[in-house]
Amino acid sequence: MVVTGIYLVFLASYPRTAVLDFLPWTIFPLGTLIVEKVPLRTMARWFLTSAPFLLAVAIPNFFLDSQSLRFFGKTSISVGAATGLSLLVRGSLAVLAAVALAAPVPFPDLCVALRRLHVPDPLVLQVLILHRYIAVLQEEAAGMLRAFRIRSRSRRGPPPVPAAALLGSLLVRSLERSRRLYLGMAARGFKGRIPLPQGHRFGIREGVYSAGWLSLFGILRFLSCFPKSHPFFSGGFG
Amino acid sequence: MTAAVLLEAVDYSYPDGTRALHEITLSVAKGSRVGVVGPNGAGKTTLLLVLAGLYQPIRGRIFVGESSREGTAVDSRFSVLFQDPDDQVIFPRVLDDVAFGLRIERCEEERAQRKAREMLRTIGIEALEHRHPARLSGGEKRLVALAGALVTAPRFLLLDEPSSGLDPRARRRIIEFLRSRKETLIVATHDLELVLELCPRTVLLDEGRIVADGATSEIMQNGPLLTRHGLEIPYSLRREHIHPIMPDDPHHRRHHEEGIPHTHGA
């Protein structure tokens, strides 16, 4: 988790128009995904889920800064477009890194890692509960939508007003669920701190793994500081 | 027989003022199995939650063993199986969820995992150890919740509709399992057949009051009493079940005459 966090910091440290600099940075997420044998379907699902957010952040940049930047030969590209492309590449790498972190590690172990990083307990608890109950919430939402379609004899989703009512109803159900959930936890002795499995200890193997990747990140970032002939190799620190 | 738990004139009201329990006086013997039945809104679930210490009575006293229960803490001698197992199975991995109660009790990690595995084996669901609750069937989730409730070795097991949403095989499995347990069981349910099979004693609750308390076999055959309180005699005790009407059915008669075994829905 620490390695992934630092990886994201390094990605963010590049200048805003950097694109090709990120090519060697694919080694970390792709290498991890291949070693952990994460199925392509899982990666595709995460990408599809995050794609609208990535596009929403990147696309406006294409229209913001119209200053031109030399591309290949005589062709040029606007600074805004380069920034948008850079954001897309960074975002995609961040998603890949997140999949590489989350897919092979059992979720409770991630929560243990969060706690070791001194993330406050209530936050860890919320993440854990959210992960567990998102499926239950989806199931309830799907059931409500199905019921709406059957009763309205329509294949479409609900128009805005009924949709708002359904959302409100879902919220009320969620609140009711959270009350019952609290009772369920209290009945088992919960008093505010959730006990998590111990997870793996940070040993020599983990130390070597972290040191190896962090050294590589440092080297890549250092090498990228040297001036390149192409503007997409932006180098430097901004 | 000594009372393992005794409620003396217990009243409970919800925060909005709705009275849910009226002067409940109830004594439950150690190791016994008691069924709590009644129509919707009778106060069955509330009674279980008051017993577990999750709800605090506004009046009356509760004795567990020799001592009166004081304070507002949840009583660790009681375990509850909730109606909806999704309210109870909170961890994204079955083994972690079963070990939850033990970890709360600050049990060593290795011991907690060993005991959780043992409990899964006892219930016969050890194959589910690494599964995510969202990928379990309703029956499997209920068994996981039961494992989580039993792993801390409670003295009292409070079960809220333990058979709801279960197919016949899962229902049979849970009944047989509960029959084999030594804990004091209090079962709140609409499933009168379950009570007939599992609980020698029945308490009939209506509008938050105990209206009958006695042997299950007697209460379940008292048609007028059950009808008055929104229930009916269980199917297995009805006269028409003892003298089935099926032989008059021409389809059934033909099968009977030809010696073909009768298979419904086949």
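Guide: Leaving aside residues up to four places away in sequence, A:Thr4 touches A:Phe28, A:Ala97 and A:Leu101 in this predicted model. A:Thr4 sits in helix α1 of chain A, which covers residues 2–12. Its relative accessibility is 9%, and because the cut-off for buried is under 20%, A:Thr4 counts as buried.

The buried ones are A:Phe107, A:Pro108, A:Asp109, A:Leu110, A:Cys111, A:Val112 and A:Arg115. Their cover includes α4 (79–102) and α6 (121–152) of chain A, and also α2 of chain B. After α5(A) comes A:His118, with a positive phi near 65°.

That brings us across to chain B. In α2(B), 10 of the 11 residues are buried, and the helix is mostly covered. Among the buried residues are B:Asp96, B:Asp97, B:Phe100 and B:Gly101. The cover over the buried residues of α2(B) comes from both chains: it includes α5 and α7 (160–187) of chain A, along with α3 and α4 (138–150) of chain B. Just past α2(B), B:Arg106 has a positive phi of about 60°.

Now for one of those neighbours within chain B. The axes of α2(B), residues 94–104, and α3(B), residues 109–123, come within 8 Å and cross at roughly 120°. That angle makes α2(B) oblique to α3(B), and the crossing is right-handed. On the α2(B) side, the contact is made by B:Val94, B:Leu95, B:Val98, B:Ala99, B:Leu102 and B:Arg103. On the α3(B) side, it is made by B:Glu109, B:Ala112, B:Gln113, B:Lys115, B:Ala116, B:Arg117 and B:Leu120.

Finally, let's step back to the meeting of the two chains. The size of an interface is often given as the accessible area lost when the parts come together. Between chain B and chain A, about 2400 Å² is buried, with carbon and sulfur atoms giving 61% of it. In chain B, the residues that lose the most area to chain A are B:Asp87, B:Ile90 and B:Phe100, together 24% of what that side buries. Counted by residues, 28 of chain B are in contact with 28 of chain A.

Terms used. Residues are numbered from 1 along each chain as its sequence is written. Chains are lettered from A and ligands numbered from 1 in the order in which they are written. This is a predicted model: local features need pLDDT of at least 70, side-chain atom pairs count only at pLDDT 80 or more; totals for chains, interfaces and linings use all residues. Side-chain values use heavy atoms; hydrogens and water are left out. Axes are lines fitted to C-alpha atoms, for helices over the stretch in contact, and angles run from 0 to 180 degrees between N-to-C directions. Helices (H or I, at least four residues) and strands (E, at least two) are DSSP runs, numbered from the N terminus. Angles under 35 degrees count as roughly parallel, over 145 as roughly antiparallel, 65 to 115 as roughly perpendicular and the rest as oblique. A crossing is left-handed if the near helix is turned anticlockwise from the far one by less than a right angle, and right-handed if clockwise. Contact means heavy atoms within 4.5 Å. Buried means under 20% relative accessible area, exposed over 50%, partly exposed in between (1.4 Å probe, protein chains only). Buried area is the accessible area (1.4 Å probe) that two parts lose on being put together, summed over both.
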